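Please look over the model below before reading on.

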Amino acid sequence: HLHAYQHEPDEMRHLREALRNVHSATGVLRLCALDPAALLTREIERVISQLIIGKIAGEARRVAMTELAASMEALPAYLANVRAKREVSAGAIANVINDLRHFGNRPILPDSLFFNPPVKTGAGVTSGQHPAPDAKLRRFGARAMRVCAKHSKGALKKDRDSLKQLFA
């Protein structure tokens, strides 16, 4: 449908049909717990919606169509990679997601969101060790949460609008 829209840019039905199809794909990806791919399709939906309402026009429309084409190519490649490796990591599509976020002046998502190092089962500093008693872990977790809350209150008050924009 995006290809048809490029040939008939006055026909919004092509974009609406593409949006409907991508929206369906987003739902399926969420159901399959493929969150990185669902994040990509949500960004695709957002850009298509902006094209429909005319928020992206002129030269920006051409650039948006190029980015959408790249994202449409990245999605099946990403899913094939997930299938082959049996590993869900957004790193493979991070650049495409952030390129789409550019439209609408949305901030890029940090690399840390896409960080998913391969860790072998049984690896780590606690390999072969017995876990701490449940009560001790709960005390440790509660203390860590208090420290985190104490140090983040000020930052959250100052930067609430930035956080809202990130998750908009």
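1. The crossing of helix 2 and helix 3 is left-handed, meaning that the near helix is turned anticlockwise from the far one by less than a right angle. Helices here are DSSP runs (H or I, at least four residues), numbered from the N terminus.

2. This is a predicted model, in which local features need pLDDT of at least 70, side-chain atom pairs count only at pLDDT 80 or more, and totals for chains, interfaces and linings use all residues. Residues are numbered from 1 along each chain as its sequence is written, and side-chain values use heavy atoms, with hydrogens and water left out.

3. Helix 2 (residues 12-31) packs against helix 3 (residues 35-53) at an angle of about 160 degrees, and their axes are 9 Å apart. Axes are lines fitted to C-alpha atoms over the stretch in contact, and angles run from 0 to 180 degrees between N-to-C directions. That makes the two helices roughly antiparallel, a label for angles over 145 degrees.

4. The largest nonpolar core has 33 residues. Such a core is a set of buried (under 20% relative accessible area, 1.4 Å probe, protein chains only) Ala, Val, Leu, Ile, Met, Phe, Trp, Tyr and Cys residues joined through side-chain atoms within 4.5 Å. Helix 3 gives the largest share of this core, 8 residues.

5. Val 47 is among the residues with the most contacts inside the core. Leaving aside residues up to four places away in sequence, Val 47 touches Ile 56, Ala 64, Leu 68, Leu 100 and Phe 103, where contact means heavy atoms within 4.5 Å.

6. Helix 5 (residues 94-101) is mostly covered, with 6 of its 8 residues buried. Asn 98 and Arg 101 are among the buried ones.

How values were computed. Parallel < 35°, antiparallel > 145°, perpendicular 65-115°, else oblique. Buried < 20%, exposed > 50% of the residue type's maximum accessible area, 1.4 Å probe, protein only.
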